[in-house]
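Let's work through a few exercises together, one step at a time. Keep the sequence and the 3D view open as you go.

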Amino acid sequence: NWRSLYGQGGYFGYEITRQNSVLPDPSFNGWYAQASWILTGESKIYHPERGAYGNPSPSDPFSLDHTGLGAWELAARYSDLDLNYEAGLAGAAAPAAAIRGGDQRIWTLGLNWYANTAIKFQLDYQHIDVSRLSATGGDLGAKLDAVSLRTQLSL
């Protein structure tokens, strides 16, 4: 977090132990990177007791008696989750140890409005691309776009 800019990323890996099986133990992984810029100049608040950043506190909050702007934030995120293990080739049956869970990639763009310290609105656009093979090697993947609006009340 630097002034009104914020960035975060992470990687995670999963090691699975198969029980009572001669098949090898699978592993999966994923990662994400995200960044945001608070257009109205505020910064996110760090909470050391949680080890996490929270919402900004608007310097000019909106209320029914006061027409302040609140805080406005532009955000972007990319994530990739790979749930395949020895998946084999398209058009071919899955190998014995295969797990064809798919590979999911998501681009997200968002606009957040922190009306005041209690009310937040999020408008997000997501482009989702899933690549996945069926047990027989057919394409089960999908591409889709989604727009969502969320309201959050923090008391």
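**Exercise 1. Find which strand gives the most to the lining of the largest pocket.**

Step 1. Strand β6 gives the most, with five residues of that lining. Strands are DSSP runs of E with at least two residues, numbered from the N terminus.

Step 2. Before going on, note that this is a predicted model: local features need pLDDT of at least 70, side-chain atom pairs count only at pLDDT 80 or more, and totals for chains, interfaces and linings use all residues. Residues are numbered from 1 along each chain as its sequence is written, and side-chain values use heavy atoms, leaving out hydrogens and water.

Step 3. Now look at the pocket itself, which has a volume of about 320 Å³. Among its 19 lining residues, Gln34, Ser36, Ala75, Asn112 and Gln122 are the closest to the centre. A pocket here is an open set of points on a 1 Å grid over the protein atoms alone, where a 1.4 Å probe fits, with protein on both sides within 12 Å along at least five of seven lines; lining residues have an atom within 4 Å of a point. The volume is the space filled by probe spheres set on the points, which are joined across faces, edges and corners.

Step 4. At least two lining residues come from each of β1 (5-15), β2, β5, β6 and β7.

**Exercise 2. Work out which residues Arg105 pairs with in salt bridges.**

Step 1. Recall the idea: side chains of opposite charge can pair when their charged atoms come close. The cut-off is a side-chain nitrogen of Lys or Arg within 4 Å of a carboxyl oxygen of Asp or Glu.

Step 2. One partner is Asp80, at 3.0 Å from N to O. This pair links distant parts of the chain, with Arg105 in strand β6 and Asp80 in strand β5, 25 residues apart.

Step 3. The side chain of Arg105 also forms a salt bridge with Asp103, with the closest N and O atoms 3.0 Å apart.

**Exercise 3. Decide whether Asp80 is buried or exposed.**

Step 1. Use the limits: buried is under 20% relative accessible area, exposed is over 50%, and partly exposed lies in between (1.4 Å probe, protein chains only).

Step 2. Asp80 has a relative accessible area of 13%, so Asp80 is buried. Asp103 is buried too, at 12%, while Arg105 is partly exposed at 33%.

Definitions and conventions:
Helix = DSSP H or I, 4+ residues; strand = E, 2+ residues; numbered from the N terminus.
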